[in-house]
Amino acid sequence: DLHLSLRRQRQMCIRDSKGRGFLYTACILLAISVWIPYDPEHFPKASLLHVIFSFSFPVLLSLSLLSFLKEKIRSDPNPFLPMLWLFAELAAAALVLWYASGFITGLLEVYVTTAFCGYLGLVERILVHNQRSFPENRGD
């Protein structure tokens, strides 16, 4: 569920102000893109804004997650460096799907949503495991 994943990412970015800024901006752009109609025949300018904001949402969300990962890699590289590589692989696959079709398709939207929701769940599991294994890290 996208809402739960956004909430998880927000909780993970609490201490990272740059990541939090990316996350909040992404959420605002998503809300605006939902409200702006996509009807190029009747509203070409509004449709262009819809596409720009909708495309900017996952980009900013990814920047937020990368900012978070950068902070975590600085403090404990072992569990989070492989997550950075997995992130790069998921993003590369999304770019291949986008490039192959030339536009944003339903398949790309479903892939990005499910892949990154699963990815956030995996990151959350690592964080929970680290908190249980090392109670002194609970404040991180």
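I began with Tyr119, which is buried, with a relative accessible area of 2% (buried means under 20%, exposed over 50% and partly exposed in between, with a 1.4 Å probe and protein chains only). The model is predicted, so I note that local features need pLDDT of at least 70 and side-chain atom pairs count only at pLDDT 80 or more, while totals for chains, interfaces and linings use all residues. Residues are numbered from 1 along each chain as its sequence is written, and side-chain values use heavy atoms, with hydrogens and water left out.

Next I looked up the aromatic pairs and found four in the structure (rings of Phe, Tyr and Trp, the last by its six-membered ring, pair if their centres lie within 6.5 Å; planes under 30 degrees apart count as stacked, over 60 as edge-to-face and the rest as tilted). For Phe87 and Tyr119 I noted ring centres 5.8 Å apart and planes at 55 degrees, so this pair is tilted. Phe87 lies in helix 4 (residues 77-101) and Tyr119 in helix 5 (residues 106-133), 32 residues apart (helices are DSSP runs of H or I with at least four residues, numbered from the N terminus). For Phe116 and Tyr119 the centres are 6.2 Å apart and the planes at 65 degrees, so that pair is edge-to-face. I recorded Phe87, Phe116 and Tyr119 as one aromatic cluster.

Last, I checked Leu69, which, leaving aside its neighbours within four places in sequence, is in contact (heavy atoms within 4.5 Å) with Phe80, Met83, Leu84, Phe87 and Tyr119.

Methods: Helix = DSSP H or I, 4+ residues; strand = E, 2+ residues; numbered from the N terminus.
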